[in-house]
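Below are my notes on this structure, written for someone opening it for the first time. Please read them with the model on screen.

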Amino acid sequence: MPEREAGGSLGTPTDEVRDFLRRRREQIAQRWADEPLFRTVFTVSRDEAVEAGKAVVDALAQVADAQRVEDPDAAGFSAVREQLARMGAARARAGLSPTQVASELAALWPPVENLLVADLDQAPPQRLREYSTTLSVLLGTLRLVAMQTALSEGQALIDRQRLQLLEVATPVIKLWDGIVAVPLIGTLDSARSQVVMETLLNAVVDQHARFAILDITGVPTVDSLVAQHLMKTVAAARLMGAECVVSGIRPAIAQTIVHLGLDLGTVKTRASLADALGYCLHELGTTFVQAPDGAGRR
């Protein structure tokens, strides 16, 4: 039992919890190191798990010292957010659902409670209940911080994967020396239109292309914002010395462009990718003759 408890000088429950955490830091970290949340994440050595546990205990003690046990935005949690994110991400990669991760976080409470009961076994029952309640609230806030951090990291991962999928879904094909094409399939939105522009312009530079074909045969419809993005892409390619040809405009898209009053007078358009390629080859001075067997030869 703490000396001040025996002497009758009692602090607030939050102060007592702070002192308890600092006093039992090593024991708590040792017990947490055997819990799945720590053991399965810090696999290099047990000492690594113990050090991670100590960092979390220190953060909890700092939050208690600030009297903000119910505040997930308390400054004390800042030091362990990255660690909590790492732990949550590792368990998610292992196939655990958010509910299962929350259960593993909840499993950190019993070892701490057992130590608290043993440490204050001579304290009045009422005080012990107050200390236990305060500590439970503090660990509940830790769970909330961990889940918020894990969800934020998960959303960031989704955003990165979405961008990667957009890039994969926007391939640039070299059709001929000096001719590149971007065949687009599926719905175009502002984000994807921006990726199209960046991908195409990078290809113009890398391939030293004189012509860039935007084939939208596989695009069912576009809105005014996307149409403007396409116009900007054409203009940007022209500034870089490449002529941009748009092919495969569907009737519905053509009507949309007309209704929107967009001026495509300066944009070269062709009915199909083959027509656009033929135009580009002609502009490059390349001609084809029909072979007797029906195959085209240069």
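Are Trp 32 and Phe 38 buried or exposed?

1. Both Trp 32 and Phe 38 are buried. Please keep in mind throughout that this is a predicted model. For Phe 38 the relative accessible area is 1%, which is under the 20% limit, so this residue counts as buried.

2. The rings deserve a look next. There are 3 aromatic pairs by the rule used. In one of them Trp 32 and Phe 38 are stacked, with 5.9 Å from centre to centre and 15 degrees between the planes. Another stacked pair is made by Phe 38 and Phe 42, at 6.2 Å centre to centre and with 25 degrees between the planes.

3. In soluble globular proteins, nonpolar side chains tend to be buried together.

4. Leaving aside neighbours within four places in sequence, Leu 21 is in contact with Ile 28, Val 57, Leu 60, Ala 61, Leu 135 and Leu 138.

5. Arg 18 counts as buried because its relative accessibility is 14%. Its side chain makes a polar contact of 2.9 Å with the side chain of Asp 65. Beyond four places in sequence, Arg 18 touches Ala 61, Ala 64 and Asp 65.

6. Helix H11 covers residues 224–239. Does its length fit its number of residues, or what span should one expect? At 1.5 Å a residue, its 16 residues should span 22 Å, and the end C-alpha atoms are 23 Å apart, so the two values agree. Just after H11, Gly 241 takes a positive phi of about 90 degrees.

7. The buried residues of H11 are Val 226, Ala 227, His 229, Leu 230, Thr 233, Val 234, Ala 236 and Ala 237. An α-helix has 3.6 residues a turn, so residues three or four places apart point the same way. The cover over the buried residues of H11 includes helix H10 (190–207), strand E3 (211–218) and strand E4 (243–247).

8. The last point concerns cysteines. A search of the whole structure finds 0 disulfides. Cys 244 is in none, and the nearest cysteine sulfur, that of Cys 280, is 9.1 Å away. Cys 244 is buried, with a relative accessible area of 4%. Cys 280 is buried as well, with a relative accessible area of 0%.

How values were computed. Residues are numbered from 1 along each chain as its sequence is written. This is a predicted model: local features need pLDDT of at least 70, side-chain atom pairs count only at pLDDT 80 or more; totals for chains, interfaces and linings use all residues. Side-chain values use heavy atoms; hydrogens and water are left out. Buried means under 20% relative accessible area, exposed over 50%, partly exposed in between (1.4 Å probe, protein chains only). A polar contact is a pair of N or O atoms within 3.5 Å; within protein, one must be able to donate a hydrogen and the other to accept it, and residues adjacent in sequence count only if both atoms are side-chain atoms. Contact means heavy atoms within 4.5 Å. Helices (H or I, at least four residues) and strands (E, at least two) are DSSP runs, numbered from the N terminus. The expected span of a helix is 1.5 Å times one less than its number of residues. A disulfide is a pair of cysteine sulfur atoms within 2.5 Å. Rings of Phe, Tyr and Trp (its six-membered ring) pair if their centres lie within 6.5 Å; planes under 30 degrees apart count as stacked, over 60 as edge-to-face and the rest as tilted.
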